[in-house]
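Please read this briefing alongside the structure.

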Amino acid sequence: MSDSPTIIDFHSHIASEMCFPKSFQDGVVENMTVALESRGLPVTREKVARMHAGTLTDPLCDELVRQMDEAGIAESVLLLPDFTYALKDSTHTIEELIEHHRVVVERHPGRFRVLVGVDPRWGADGLALFEKAIVDYRFDGMKLYPPCGYKLSDELLYPYYEICAQYALPVLSHIGATSPVLDFEIAQPIFVDKAAKDFPGIDFVLAHGSVHYPDEVAMLCNNRPNIYVDVSGYEAFGVEALNKLFRRGINHKIIFGTDWPVFRLQGRQLSLVEKLEKEGAFPDSMSAADRDLFFHKNAARLLGKNKLKSTVAGTDGG
Amino acid sequence: MMDKGLVSDDEICRLIASVISKAAAKKGVTPEKSLRGDLGIDSLGLMSIVFVLEEKAGIDAFSQVERFVGAEFVSDIIKIVRQS
């Protein structure tokens, strides 16, 4: 790839079973098993689970950094969704998971940022924990996971949004289907609208928007100045939808993301980046400047608004 | 089930071809082909390869999960089968 890495991967996770409760993984495995059985293969759930677990073997992100270097990815944004309220088989508390993300960030200086999730139903303790992660650990924004059981415009989230607005931090939310152990209907993109209107100073990023509800997501991006879309998930559903998204006049809103390690069985980060060009993700109408926006400038613009980092580092605004 | 010591490279390629798309298989499965770039193998495709190798080539594929996750080329798969 490039000699000087410039790509920002706005959607990645730490590849460790500690971050994904067993019930969440079991749901994913169930879907894989059904698909493999339909091919007439001698499948067992236990073996599919072992294969899936083989993708969650990089708890300190050492392998991810190697693959980022190969792929020309300068920085990855680690997303920490809080499953611990909704899924009671979580092996670690959200506080422990936040601490682990801090360890990873410090282990690889300059390579990772964190958008941190705290389920809004944890009450005052959860809010304090979130504020600590933002102010003391200098994490870069919020990660939300509505399938856990809340809408993006739920007023329980507003104190969190106040903090994000105060420091000009982005909020990224999963939208659409996920592990079948969680709810799908509540994760529709339109539920961001009230929050985006009430908090015009927050940039909201709808994850997987090229593959889940693409028409609704494009409508929101076109009409709300502070709504963006990340394209993670293109690996599973082909790049045709992405090509269409790039022709909808919102290239200043579209952000690159891989969803590492979800598609690890599909190849290294380099091949996931190369797949875009190779399979025709970029329409002829797309300029080089638009590609720069997609691969890093849109992400850098959102991350660069962070008032805490710009205050401290002076030059560390992006 | 075949004896893994007797499974030839060609046979491993044939087993891989049996579980990937017809279009990819038609291009020919050979050791130098990349699994994703040349053969278009996705997550389920890779899992299918592991299952079929376990069933037909008699290897304990699931003790080699991390190696399969890291496999890039058909030759890597052949190497895993040989060393299993």
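In the predicted model, A:Ser12 stands opposite A:Leu78 in strand β4 of chain A. Strand β4(A) covers residues 73-80, and strand β1(A), residues 7-12, runs parallel to β4(A) and is joined to it by four bridges. Two strands count as paired if DSSP finds at least two bridges between them. Helices (H or I, at least four residues) and strands (E, at least two) are DSSP runs numbered from the N terminus.

Residues are numbered from 1 along each chain as its sequence is written, while chains are lettered from A and ligands numbered from 1 in the order in which they are written. Because this is a predicted model, local features need pLDDT of at least 70 and side-chain atom pairs count only at pLDDT 80 or more, whereas totals for chains, interfaces and linings use all residues.

**Around strand β4 of chain A**

- β4(A) also pairs with strand β5(A), residues 112-116, in the parallel sense over five bridges.
- In this pairing, A:Val77 stands opposite A:Arg113 of β5(A).
- Together with helix α4(A), residues 94-107, the strands β4(A) and β5(A) make a right-handed β-α-β unit. Right-handed describes a crossover in which, with the strands pointing away from the viewer, the path from the first strand over the helix to the second runs clockwise.
- β4(A) is mostly covered, with seven of its eight residues buried. A residue is buried if 20 or more other C-beta atoms lie within 10 Å of its own, exposed if 12 or fewer, and partly exposed in between, with C-beta atoms placed from the backbone.

**Chain A as a whole**

- Chain A has 13 helices and ten strands.
- Buried residues make up 49% of its 318 residues.
- The C-alpha trace of chain A spans about 55 × 50 × 40 Å along its principal axes.
- A compact globule of 318 residues would have a radius of gyration near 20 Å, and the 18 Å of chain A agrees with this. The radius is taken over C-alpha atoms, and the globule rule is 2.2 Å times the number of residues to the power 0.38.

**Domains of chain A**

- Chain A is divided into domain 1 (7-19 + 60-313) and domain 2 (21-55), with bounds from an automatic or database domain assignment.
- The C-alpha centres of the two domains of chain A lie 26 Å apart.
- Twelve residues of domain 1 are in contact with eleven residues of domain 2. Contact requires that the C-beta atoms of two residues, placed from the backbone, lie within 7 Å.

**One loop residue**

- A:Ser38 is found in the loop between α1 (22-37) and α2 (45-53) of chain A.
- Is A:Ser38 buried or exposed? A:Ser38 counts as exposed because it has 10 C-beta neighbours inside 10 Å.
- The C-alpha atoms of A:Ser38 and A:Phe24 are separated by 22 Å, and the two residues are 14 residues apart along the chain.

**Chain B**

- The contact between the chains takes 20 residues from chain A and 16 residues from chain B.
- On the chain B side, α3 (43-57) and α4 (65-70) are the elements that give two or more residues.
- α3(B) gives the most to that side, with nine residues.
- Helix α1(B), residues 9-19, has several buried residues, among them B:Ile12 and B:Leu15. The buried residues of α1(B) pack against α2 (22-26), α3 and α5 (74-83) of chain B.
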